[in-house]
Amino acid sequence: MKRTIWVFVYLLSIAGIAQSQVYLDRAGFASFYASTPLEDIEAQNKQVFAVIDIGKNEFAFAALLKGFLFKKQLMQTHFNENYVESDQYPKATFSGTYTGEINSSSAGNVTVKGNFTLHGVTRVLEIPATLQLKNNRLTGNAKFKVKPEDYKIEIPSLVKNKIAPEVEVVVNINAELKK
Amino acid sequence: MRLVFITFLCLLAFVNVQSQDHSLLDMVSDSVGTNTRQLVEGTFKGTHIINMQSVEQPAKKELAFIMMHRFGKLNDGAYNFFGLDQAAIRLAFNYGVTNRLTVGIGRSSLDKAFDASLKYKILQQAFPGQHKPFSVSYFSSIVYPTLKYEDKPYLTARLRPIYTNQLLIARKFNSNLSLQVNPTWLHYNLVATKADKNDLFALAMGGRMKFNKRMSINAEYNLLPSSQIPSAPVKNSFSLGWDIETGGHVFQLVFSNSAGMVDPYFMSKTIGTWGNGDIYFGFNISRIFSFKK
(Lines give C-alpha, C1' and ligand atoms only; values in the text may rest on other atoms or scores of the structure.)
Protein backbone atom coordinates (compact mmCIF):
# COMPACT_ATOMS: atom_id res chain seq x y z
CA MET A 1 0.00 0.00 0.00
CA LYS A 2 2.66 2.35 1.15
CA ARG A 3 4.57 1.56 -1.95
CA THR A 4 1.58 2.31 -4.15
CA ILE A 5 1.28 5.76 -2.59
CA TRP A 6 4.90 6.50 -3.35
CA VAL A 7 4.50 5.40 -6.93
CA PHE A 8 1.44 7.63 -7.16
CA VAL A 9 3.36 10.60 -5.82
CA TYR A 10 6.12 9.83 -8.25
CA LEU A 11 3.72 9.75 -11.18
CA LEU A 12 2.23 13.02 -10.02
CA SER A 13 5.60 14.71 -10.04
CA ILE A 14 6.33 13.31 -13.51
CA ALA A 15 3.02 14.80 -14.60
CA GLY A 16 4.19 18.06 -13.06
CA ILE A 17 7.21 18.07 -15.34
CA ALA A 18 5.26 17.12 -18.41
CA GLN A 19 2.80 19.89 -17.70
CA SER A 20 5.31 22.69 -17.80
CA GLN A 21 5.58 23.65 -21.43
CA VAL A 22 8.27 26.25 -21.70
CA TYR A 23 8.61 28.33 -24.83
CA LEU A 24 11.75 30.25 -25.45
CA ASP A 25 12.84 33.11 -27.71
CA ARG A 26 16.44 34.26 -27.83
CA ALA A 27 15.95 36.93 -30.46
CA GLY A 28 12.80 38.72 -29.45
CA PHE A 29 12.14 42.26 -30.56
CA ALA A 30 11.60 45.30 -28.40
CA SER A 31 11.48 48.92 -29.41
CA PHE A 32 10.59 52.20 -27.82
CA TYR A 33 9.43 55.54 -29.08
CA ALA A 34 9.82 58.79 -27.22
CA SER A 35 9.54 61.09 -30.21
CA THR A 36 8.42 64.68 -30.00
CA PRO A 37 8.05 67.25 -32.78
CA LEU A 38 11.56 68.42 -31.85
CA GLU A 39 13.35 65.10 -31.89
CA ASP A 40 12.88 61.62 -33.31
CA ILE A 41 13.72 59.23 -30.53
CA GLU A 42 13.43 55.59 -31.39
CA ALA A 43 15.47 52.51 -30.60
CA GLN A 44 15.25 48.83 -31.37
CA ASN A 45 16.58 45.74 -29.67
CA LYS A 46 16.53 42.44 -31.53
CA GLN A 47 18.13 40.35 -28.79
CA VAL A 48 15.37 40.22 -26.23
CA PHE A 49 15.30 36.99 -24.28
CA ALA A 50 11.85 35.66 -23.46
CA VAL A 51 10.58 32.55 -21.69
CA ILE A 52 6.90 31.69 -21.44
CA ASP A 53 5.57 28.70 -19.55
CA ILE A 54 2.09 28.07 -20.91
CA GLY A 55 1.59 25.26 -18.38
CA LYS A 56 1.85 27.65 -15.48
CA ASN A 57 0.89 30.89 -17.25
CA GLU A 58 4.21 32.40 -16.34
CA PHE A 59 6.62 34.49 -18.33
CA ALA A 60 9.94 36.29 -18.02
CA PHE A 61 11.68 38.78 -20.31
CA ALA A 62 15.14 40.26 -20.20
CA ALA A 63 16.95 42.67 -22.50
CA LEU A 64 20.34 44.30 -22.39
CA LEU A 65 19.94 48.05 -22.50
CA LYS A 66 23.12 48.34 -24.55
CA GLY A 67 21.33 46.23 -27.14
CA PHE A 68 18.99 49.10 -27.98
CA LEU A 69 20.20 50.63 -31.21
CA PHE A 70 19.43 54.21 -32.15
CA LYS A 71 19.79 55.91 -35.49
CA LYS A 72 21.92 58.60 -33.93
CA GLN A 73 25.06 57.32 -32.27
CA LEU A 74 25.19 60.25 -29.88
CA MET A 75 21.66 59.56 -28.72
CA GLN A 76 22.60 55.95 -28.01
CA THR A 77 25.62 57.05 -25.98
CA HIS A 78 23.49 59.48 -24.01
CA PHE A 79 20.81 56.81 -23.44
CA ASN A 80 23.39 54.47 -21.92
CA GLU A 81 25.54 57.01 -20.11
CA ASN A 82 23.08 59.59 -18.87
CA TYR A 83 19.62 58.09 -18.75
CA VAL A 84 19.46 54.34 -18.04
CA GLU A 85 23.08 54.15 -16.82
CA SER A 86 23.60 50.75 -18.36
CA ASP A 87 27.04 50.23 -16.81
CA GLN A 88 25.34 50.16 -13.44
CA TYR A 89 21.99 48.67 -14.48
CA PRO A 90 22.73 46.60 -17.58
CA LYS A 91 19.32 45.09 -18.22
CA ALA A 92 15.58 45.55 -18.10
CA THR A 93 13.49 42.59 -16.95
CA PHE A 94 9.79 41.81 -16.79
CA SER A 95 8.45 38.68 -15.15
CA GLY A 96 5.14 37.49 -13.81
CA THR A 97 1.98 35.71 -14.84
CA TYR A 98 -0.73 36.16 -17.43
CA THR A 99 -4.43 35.40 -17.51
CA GLY A 100 -6.42 34.54 -20.60
CA GLU A 101 -6.73 31.79 -23.15
CA ILE A 102 -4.22 30.91 -25.83
CA ASN A 103 -5.51 29.30 -28.97
CA SER A 104 -4.19 28.51 -32.40
CA SER A 105 -6.78 30.05 -34.67
CA SER A 106 -6.29 33.67 -33.68
CA ALA A 107 -4.25 35.80 -31.34
CA GLY A 108 -5.86 35.55 -27.94
CA ASN A 109 -6.07 38.55 -25.68
CA VAL A 110 -4.35 38.07 -22.38
CA THR A 111 -3.58 40.30 -19.45
CA VAL A 112 -0.03 40.29 -18.31
CA LYS A 113 0.89 41.21 -14.77
CA GLY A 114 4.33 41.24 -13.32
CA ASN A 115 7.37 43.07 -12.04
CA PHE A 116 9.07 45.39 -14.48
CA THR A 117 12.59 46.35 -13.47
CA LEU A 118 14.47 49.20 -15.10
CA HIS A 119 17.28 51.43 -13.79
CA GLY A 120 17.17 49.61 -10.45
CA VAL A 121 13.48 50.36 -9.87
CA THR A 122 10.88 47.57 -9.83
CA ARG A 123 7.22 48.35 -10.44
CA VAL A 124 4.17 46.19 -10.94
CA LEU A 125 2.74 46.55 -14.43
CA GLU A 126 -0.52 45.19 -15.74
CA ILE A 127 -0.79 45.36 -19.50
CA PRO A 128 -2.87 43.85 -22.28
CA ALA A 129 -1.09 41.53 -24.70
CA THR A 130 -1.84 38.89 -27.30
CA LEU A 131 -0.55 35.32 -27.46
CA GLN A 132 -1.01 32.75 -30.18
CA LEU A 133 0.19 29.16 -30.38
CA LYS A 134 0.48 27.94 -33.93
CA ASN A 135 2.63 25.23 -35.48
CA ASN A 136 4.49 24.74 -32.24
CA ARG A 137 5.49 28.39 -32.11
CA LEU A 138 4.22 30.86 -29.60
CA THR A 139 3.93 34.43 -30.85
CA GLY A 140 3.18 37.34 -28.62
CA ASN A 141 2.78 41.10 -28.86
CA ALA A 142 2.49 43.76 -26.23
CA LYS A 143 2.49 47.50 -26.13
CA PHE A 144 2.79 49.57 -22.99
CA LYS A 145 3.84 52.96 -21.72
CA VAL A 146 6.64 53.78 -19.33
CA LYS A 147 7.23 57.07 -17.59
CA PRO A 148 10.97 57.69 -17.18
CA GLU A 149 10.41 59.57 -13.91
CA ASP A 150 8.80 56.45 -12.39
CA TYR A 151 12.13 54.69 -12.80
CA LYS A 152 14.28 57.52 -11.45
CA ILE A 153 15.47 58.36 -14.95
CA GLU A 154 16.13 62.05 -14.75
CA ILE A 155 15.52 64.20 -17.77
CA PRO A 156 17.18 67.60 -17.47
CA SER A 157 14.88 70.58 -17.93
CA LEU A 158 16.90 71.71 -20.95
CA VAL A 159 15.85 68.70 -23.02
CA LYS A 160 12.51 68.03 -21.34
CA ASN A 161 10.50 69.20 -24.34
CA LYS A 162 12.54 67.01 -26.69
CA ILE A 163 11.68 63.73 -25.00
CA ALA A 164 8.12 62.43 -24.74
CA PRO A 165 6.94 62.26 -21.10
CA GLU A 166 5.61 58.76 -21.74
CA VAL A 167 7.74 56.29 -23.63
CA GLU A 168 5.89 53.75 -25.73
CA VAL A 169 7.39 50.27 -25.60
CA VAL A 170 6.55 47.54 -28.12
CA VAL A 171 7.53 43.91 -27.61
CA ASN A 172 7.18 41.13 -30.18
CA ILE A 173 8.25 37.56 -29.58
CA ASN A 174 8.26 34.40 -31.58
CA ALA A 175 9.18 31.52 -29.29
CA GLU A 176 9.69 27.84 -29.81
CA LEU A 177 9.24 24.94 -27.43
CA LYS A 178 12.23 24.50 -25.19
CA LYS A 179 13.76 21.06 -25.55
CA MET B 1 15.88 -0.43 -1.08
CA ARG B 2 13.84 -0.02 -4.18
CA LEU B 3 11.40 2.09 -2.22
CA VAL B 4 14.16 4.42 -1.09
CA PHE B 5 15.30 4.73 -4.67
CA ILE B 6 11.82 5.64 -5.88
CA THR B 7 11.41 8.15 -3.08
CA PHE B 8 14.70 9.69 -4.06
CA LEU B 9 13.56 9.94 -7.66
CA CYS B 10 10.34 11.55 -6.53
CA LEU B 11 12.18 14.11 -4.51
CA LEU B 12 14.50 14.80 -7.39
CA ALA B 13 11.58 15.33 -9.74
CA PHE B 14 9.84 17.49 -7.19
CA VAL B 15 12.91 19.60 -6.63
CA ASN B 16 13.29 19.86 -10.37
CA VAL B 17 9.78 21.22 -10.77
CA GLN B 18 10.26 23.51 -7.81
CA SER B 19 13.40 25.03 -9.17
CA GLN B 20 11.78 25.57 -12.53
CA ASP B 21 9.04 27.41 -10.75
CA HIS B 22 10.95 30.43 -9.60
CA SER B 23 13.83 30.27 -12.01
CA LEU B 24 12.08 31.57 -15.10
CA LEU B 25 13.50 35.02 -14.47
CA ASP B 26 16.85 33.60 -13.39
CA MET B 27 16.89 31.64 -16.60
CA VAL B 28 16.39 34.67 -18.83
CA SER B 29 18.72 36.75 -16.73
CA ASP B 30 21.48 34.17 -17.02
CA SER B 31 20.93 33.78 -20.72
CA VAL B 32 20.86 37.46 -21.54
CA GLY B 33 24.34 37.43 -20.01
CA THR B 34 25.70 40.80 -19.04
CA ASN B 35 29.11 39.37 -19.72
CA THR B 36 28.58 39.24 -23.46
CA ARG B 37 31.19 41.38 -25.11
CA GLN B 38 30.23 45.00 -25.67
CA LEU B 39 32.12 47.78 -27.37
CA VAL B 40 33.07 50.49 -24.91
CA GLU B 41 31.45 53.80 -25.80
CA GLY B 42 31.70 57.29 -24.41
CA THR B 43 35.35 57.20 -23.37
CA PHE B 44 35.29 61.01 -23.50
CA LYS B 45 32.48 63.45 -24.06
CA GLY B 46 34.19 65.48 -26.74
CA THR B 47 36.48 64.95 -29.68
CA HIS B 48 39.10 66.91 -27.74
CA ILE B 49 40.02 66.22 -24.11
CA ILE B 50 40.93 69.89 -23.83
CA ASN B 51 43.42 70.77 -26.55
CA MET B 52 44.59 67.26 -27.35
CA GLN B 53 42.63 64.90 -29.58
CA SER B 54 40.52 62.27 -27.84
CA VAL B 55 39.59 58.89 -29.30
CA GLU B 56 36.03 60.15 -29.79
CA GLN B 57 34.83 61.02 -33.26
CA PRO B 58 31.50 61.69 -34.92
CA ALA B 59 29.60 58.62 -36.12
CA LYS B 60 28.96 57.93 -39.79
CA LYS B 61 27.16 60.79 -41.56
CA GLU B 62 27.44 63.03 -38.55
CA LEU B 63 29.01 66.44 -38.66
CA ALA B 64 30.59 67.96 -35.59
CA PHE B 65 30.98 71.71 -35.54
CA ILE B 66 33.56 72.80 -33.00
CA MET B 67 34.21 76.31 -31.81
CA MET B 68 37.29 76.75 -29.66
CA HIS B 69 37.90 80.06 -28.01
CA ARG B 70 40.74 81.34 -25.83
CA PHE B 71 40.94 84.72 -24.14
CA GLY B 72 44.23 86.45 -23.36
CA LYS B 73 46.54 85.73 -20.44
CA LEU B 74 45.29 86.10 -16.90
CA ASN B 75 48.43 88.07 -15.97
CA ASP B 76 47.71 90.77 -18.57
CA GLY B 77 46.35 92.75 -15.65
CA ALA B 78 43.27 94.77 -14.86
CA TYR B 79 43.78 97.17 -17.78
CA ASN B 80 43.27 94.26 -20.22
CA PHE B 81 40.53 92.90 -17.98
CA PHE B 82 42.74 89.92 -17.09
CA GLY B 83 42.97 88.76 -20.66
CA LEU B 84 39.30 88.96 -21.53
CA ASP B 85 39.90 91.91 -23.89
CA GLN B 86 41.67 89.63 -26.33
CA ALA B 87 40.44 86.51 -27.98
CA ALA B 88 41.68 83.79 -30.28
CA ILE B 89 39.34 81.41 -31.98
CA ARG B 90 39.37 78.19 -33.96
CA LEU B 91 36.39 77.03 -35.98
CA ALA B 92 36.33 73.47 -37.23
CA PHE B 93 34.12 70.95 -38.96
CA ASN B 94 34.68 67.21 -38.52
CA TYR B 95 32.66 64.79 -40.60
CA GLY B 96 32.26 61.06 -40.02
CA VAL B 97 32.81 59.37 -43.37
CA THR B 98 32.36 56.04 -41.60
CA ASN B 99 32.12 55.20 -37.93
CA ARG B 100 35.90 54.78 -38.00
CA LEU B 101 37.07 57.54 -40.32
CA THR B 102 36.68 61.25 -39.68
CA VAL B 103 37.91 64.05 -41.90
CA GLY B 104 38.15 67.58 -40.62
CA ILE B 105 39.00 71.13 -41.56
CA GLY B 106 39.63 74.05 -39.27
CA ARG B 107 40.83 77.59 -39.15
CA SER B 108 42.56 79.28 -36.23
CA SER B 109 42.84 83.03 -35.84
CA LEU B 110 46.29 82.51 -34.31
CA ASP B 111 48.74 82.85 -37.26
CA LYS B 112 45.66 82.68 -39.51
CA ALA B 113 46.30 78.96 -39.72
CA PHE B 114 44.21 76.49 -41.69
CA ASP B 115 44.27 72.83 -40.76
CA ALA B 116 43.09 69.63 -42.36
CA SER B 117 42.99 66.35 -40.50
CA LEU B 118 41.91 62.77 -40.50
CA LYS B 119 41.27 60.45 -37.60
CA TYR B 120 40.97 56.71 -38.02
CA LYS B 121 39.82 54.31 -35.32
CA ILE B 122 42.08 51.27 -35.46
CA LEU B 123 40.74 49.50 -32.40
CA GLN B 124 37.79 50.06 -30.12
CA GLN B 125 37.99 48.94 -26.53
CA ALA B 126 35.63 46.09 -25.71
CA PHE B 127 34.43 44.78 -22.39
CA PRO B 128 34.88 42.18 -21.12
CA GLY B 129 37.83 41.39 -23.28
CA GLN B 130 41.48 40.73 -22.71
CA HIS B 131 42.32 41.34 -26.33
CA LYS B 132 40.90 44.84 -26.62
CA PRO B 133 41.73 46.64 -23.39
CA PHE B 134 42.36 49.92 -25.25
CA SER B 135 40.92 52.08 -27.95
CA VAL B 136 43.54 53.05 -30.50
CA SER B 137 43.16 55.69 -33.20
CA TYR B 138 45.50 57.31 -35.67
CA PHE B 139 45.38 61.05 -36.13
CA SER B 140 47.13 63.01 -38.83
CA SER B 141 46.94 66.68 -39.69
CA ILE B 142 48.54 69.43 -41.72
CA VAL B 143 48.53 72.93 -40.28
CA TYR B 144 49.13 75.74 -42.71
CA PRO B 145 49.71 79.21 -41.23
CA THR B 146 48.86 81.92 -43.75
CA LEU B 147 49.90 84.97 -41.73
CA LYS B 148 51.84 87.40 -43.95
CA TYR B 149 55.26 88.60 -42.74
CA GLU B 150 56.68 91.72 -44.41
CA ASP B 151 60.15 90.82 -43.19
CA LYS B 152 60.14 87.18 -44.30
CA PRO B 153 59.82 87.17 -48.09
CA TYR B 154 61.48 83.75 -48.19
CA LEU B 155 58.56 82.13 -46.37
CA THR B 156 57.11 80.27 -49.33
CA ALA B 157 54.17 77.90 -49.32
CA ARG B 158 56.52 74.95 -49.26
CA LEU B 159 58.08 76.04 -45.97
CA ARG B 160 54.88 76.83 -44.10
CA PRO B 161 53.11 73.52 -43.37
CA ILE B 162 53.49 71.68 -40.09
CA TYR B 163 52.65 67.99 -40.03
CA THR B 164 51.29 66.02 -37.09
CA ASN B 165 51.09 62.26 -36.73
CA GLN B 166 49.72 60.75 -33.57
CA LEU B 167 48.58 57.52 -32.07
CA LEU B 168 45.71 58.00 -29.66
CA ILE B 169 45.65 55.25 -27.03
CA ALA B 170 42.84 55.43 -24.51
CA ARG B 171 41.24 53.27 -21.90
CA LYS B 172 37.95 53.80 -20.14
CA PHE B 173 38.65 52.28 -16.74
CA ASN B 174 35.11 52.67 -15.49
CA SER B 175 32.14 54.86 -16.28
CA ASN B 176 33.88 57.81 -14.59
CA LEU B 177 37.58 57.49 -15.28
CA SER B 178 39.21 57.49 -18.73
CA LEU B 179 42.87 58.05 -19.50
CA GLN B 180 44.67 58.59 -22.76
CA VAL B 181 48.22 59.00 -24.11
CA ASN B 182 49.12 60.42 -27.50
CA PRO B 183 52.65 59.66 -28.70
CA THR B 184 53.23 62.35 -31.28
CA TRP B 185 55.57 63.11 -34.14
CA LEU B 186 55.59 66.68 -35.43
CA HIS B 187 57.39 67.80 -38.55
CA TYR B 188 58.25 71.41 -39.38
CA ASN B 189 59.40 72.17 -42.90
CA LEU B 190 61.12 75.25 -41.55
CA VAL B 191 62.63 75.82 -38.11
CA ALA B 192 64.14 78.97 -36.57
CA THR B 193 67.76 77.90 -36.23
CA LYS B 194 69.99 75.10 -37.40
CA ALA B 195 70.09 73.60 -33.90
CA ASP B 196 66.31 73.19 -33.82
CA LYS B 197 64.98 69.86 -34.93
CA ASN B 198 62.58 69.55 -37.87
CA ASP B 199 61.17 66.37 -36.42
CA LEU B 200 59.88 66.68 -32.88
CA PHE B 201 58.64 63.96 -30.60
CA ALA B 202 56.18 64.60 -27.82
CA LEU B 203 53.89 62.70 -25.52
CA ALA B 204 50.51 64.11 -24.60
CA MET B 205 48.68 62.61 -21.64
CA GLY B 206 45.15 63.35 -20.58
CA GLY B 207 42.20 62.08 -18.67
CA ARG B 208 38.75 62.77 -17.43
CA MET B 209 36.94 62.11 -14.19
CA LYS B 210 33.18 62.34 -14.32
CA PHE B 211 31.65 63.65 -11.14
CA ASN B 212 28.08 63.34 -12.23
CA LYS B 213 26.26 62.05 -15.29
CA ARG B 214 26.77 65.13 -17.42
CA MET B 215 29.90 66.77 -16.06
CA SER B 216 33.53 65.86 -15.83
CA ILE B 217 36.84 67.39 -14.85
CA ASN B 218 39.55 66.94 -17.46
CA ALA B 219 43.28 67.44 -17.31
CA GLU B 220 46.06 67.08 -19.81
CA TYR B 221 49.80 67.45 -19.88
CA ASN B 222 52.02 67.52 -22.89
CA LEU B 223 55.61 66.43 -22.50
CA LEU B 224 57.99 67.87 -25.09
CA PRO B 225 61.67 67.25 -24.36
CA SER B 226 62.82 70.88 -24.75
CA SER B 227 66.27 69.99 -26.06
CA GLN B 228 64.57 69.59 -29.43
CA ILE B 229 64.01 73.36 -29.72
CA PRO B 230 67.06 75.09 -28.19
CA SER B 231 66.28 78.47 -29.78
CA ALA B 232 63.00 79.07 -27.93
CA PRO B 233 62.02 78.87 -24.25
CA VAL B 234 59.40 76.19 -24.92
CA LYS B 235 57.39 74.97 -21.96
CA ASN B 236 55.22 71.91 -21.48
CA SER B 237 51.55 72.55 -21.89
CA PHE B 238 49.20 71.87 -18.99
CA SER B 239 45.45 72.36 -19.16
CA LEU B 240 42.47 71.87 -16.94
CA GLY B 241 38.93 71.62 -18.22
CA TRP B 242 35.37 71.20 -17.12
CA ASP B 243 33.02 69.36 -19.50
CA ILE B 244 29.31 70.03 -19.41
CA GLU B 245 27.12 67.99 -21.69
CA THR B 246 23.66 69.20 -22.64
CA GLY B 247 21.93 67.05 -25.25
CA GLY B 248 23.69 67.50 -28.58
CA HIS B 249 26.17 70.06 -27.21
CA VAL B 250 29.34 69.57 -25.28
CA PHE B 251 30.55 72.67 -23.52
CA GLN B 252 34.10 72.71 -22.17
CA LEU B 253 35.53 75.39 -19.92
CA VAL B 254 39.27 75.55 -20.26
CA PHE B 255 42.30 76.87 -18.37
CA SER B 256 45.62 76.39 -20.14
CA ASN B 257 49.08 77.86 -20.44
CA SER B 258 48.81 77.42 -24.22
CA ALA B 259 47.13 79.85 -26.57
CA GLY B 260 47.28 77.54 -29.57
CA MET B 261 44.46 75.11 -30.18
CA VAL B 262 45.86 72.86 -32.90
CA ASP B 263 48.33 70.15 -32.01
CA PRO B 264 51.67 71.62 -33.18
CA TYR B 265 50.84 74.94 -31.54
CA PHE B 266 50.10 73.85 -28.01
CA MET B 267 52.62 71.04 -28.19
CA SER B 268 55.65 72.92 -29.46
CA LYS B 269 54.90 76.65 -29.26
CA THR B 270 53.82 77.06 -25.64
CA ILE B 271 55.99 79.58 -23.85
CA GLY B 272 53.81 80.58 -20.91
CA THR B 273 53.85 78.89 -17.52
CA TRP B 274 51.17 78.48 -14.90
CA GLY B 275 53.57 79.78 -12.24
CA ASN B 276 53.86 83.18 -13.95
CA GLY B 277 50.12 83.41 -14.40
CA ASP B 278 50.28 82.88 -18.17
CA ILE B 279 46.91 81.23 -18.01
CA TYR B 280 44.47 81.41 -20.90
CA PHE B 281 40.84 81.00 -20.03
CA GLY B 282 38.50 79.81 -22.76
CA PHE B 283 35.94 77.32 -23.90
CA ASN B 284 35.21 74.71 -26.53
CA ILE B 285 31.68 74.18 -27.79
CA SER B 286 30.77 71.30 -30.03
CA ARG B 287 27.50 70.55 -31.71
CA ILE B 288 26.66 67.38 -33.63
CA PHE B 289 24.49 67.48 -36.74
CA SER B 290 23.19 64.23 -38.14
CA PHE B 291 22.65 63.64 -41.85
CA LYS B 292 21.15 60.22 -41.37
CA LYS B 293 17.70 59.63 -42.68
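Colleague: What makes you say that Glu220(B) has no salt bridge?

Modeller: Keep in mind that this is a predicted model. A salt bridge needs a side-chain nitrogen of Lys or Arg within 4 Å of a carboxyl oxygen of Asp or Glu. For Glu220(B), the nearest side chain of opposite charge is that of Arg70(B), and it is 7.5 Å away.

Colleague: What lies 3.1 Å from a polar atom of the Glu220(B) side chain, then?

Modeller: That's the backbone nitrogen of Met52(B). Glu220(B) itself is found in strand S11 of chain B, residues 215-223. Leaving out residues up to four places away in sequence, Glu220(B) touches Met52(B), Ile49(B), Phe238(B) and Phe266(B), among others.

Colleague: How do you know that Lys72(A) and Glu39(A) form a salt bridge?

Modeller: Their closest N and O atoms are 3.1 Å apart, and the rule asks for within 4 Å. So the pair counts as a salt bridge. Lys72(A) lies in the loop between S4 and H2 of chain A and Glu39(A) in the loop between S1 and S2 of chain A, so the pair ties together parts that are 33 residues apart in sequence.

Colleague: Which salt bridge joins two chains?

Modeller: Lys172(B) with Glu81(A), where the closest N and O atoms are 2.6 Å apart. Lys172(B) sits in strand S8 of chain B and Glu81(A) in helix H2 of chain A, so this pair joins two chains. Lys172(B) is at 7% relative accessibility, so it counts as buried; Glu81(A) is at 14%, so it counts as buried too. Glu81(A), Lys172(B) and Lys210(B) are linked in a network of salt bridges. Over all chains, the count comes to ten salt bridges.

Colleague: Why is helix H2 of chain A described as largely enclosed?

Modeller: Because nine of its eleven residues are buried. Those buried residues include Met75(A), His78(A), Phe79(A) and Tyr83(A). The cover comes from both chains: it includes strands S1 and S4 of chain A together with strands S8, S10 and S12 of chain B. H2(A) is followed by Glu85(A), which has a positive phi near 50°.

Colleague: Why does Ala34(A) count as buried?

Modeller: Its relative accessibility is 3%, so Ala34(A) counts as buried; the limit is under 20%. Ala34(A) lies in the loop between S1 and S2 of chain A. Among the residues Ala34(A) touches, not counting those up to four places away in sequence, are Ile41(A), Lys162(A) and Val167(A).

Colleague: How many of the residues in chain A are buried, as a percentage?

Modeller: 47% of its 179 residues. Chain A has two helices and nine strands, following the pattern α-β-β-β-β-α-β-β-β-β-β along the sequence.

Colleague: Back to chain B. What makes strand S4(B) an alternating strand?

Modeller: In a regular strand the side chains alternate between the two faces of the sheet. In S4(B), Thr102(B), Gly104(B), Gly106(B) and Ser108(B) point to one face and are buried.

Colleague: How do you know which strands S4(B) pairs with?

Modeller: Pairing takes at least two bridges between two strands. Strand S3(B) is joined to S4(B) by seven bridges, and the two run antiparallel. S4(B) and S5(B) have eight bridges, again in the antiparallel sense. Both counts meet the cut-off, so S4(B) pairs with S3(B) and with S5(B). Leu91(B) stands opposite Arg107(B) in S4(B), and Val103(B) stands opposite Leu118(B) in S5(B).

Colleague: What ties strand S5 to strand S3 of chain B besides that?

Modeller: The side chains of Asp115(B) and Arg90(B) meet in a salt bridge at 2.8 Å, N to O. Asp115(B) lies in S5 and Arg90(B) in S3 of chain B, so the pair ties together parts that are 25 residues apart in sequence. Both Asp115(B) and Arg90(B) are buried.

Conventions: Residues numbered from 1 in each chain as written. Chains lettered and ligands numbered in written order. Predicted model: local features only at pLDDT ≥ 70, side-chain atom pairs only at ≥ 80, totals over all residues. Heavy atoms only, no water. Helix = DSSP H or I, 4+ residues; strand = E, 2+ residues; numbered from the N terminus. Buried < 20%, exposed > 50% of the residue type's maximum accessible area, 1.4 Å probe, protein only. Lys, Arg positive; Asp, Glu negative; His and termini not counted. Polar contact = N/O pair within 3.5 Å; in protein donor to acceptor, adjacent residues only side chain to side chain. Contact = heavy atoms within 4.5 Å.
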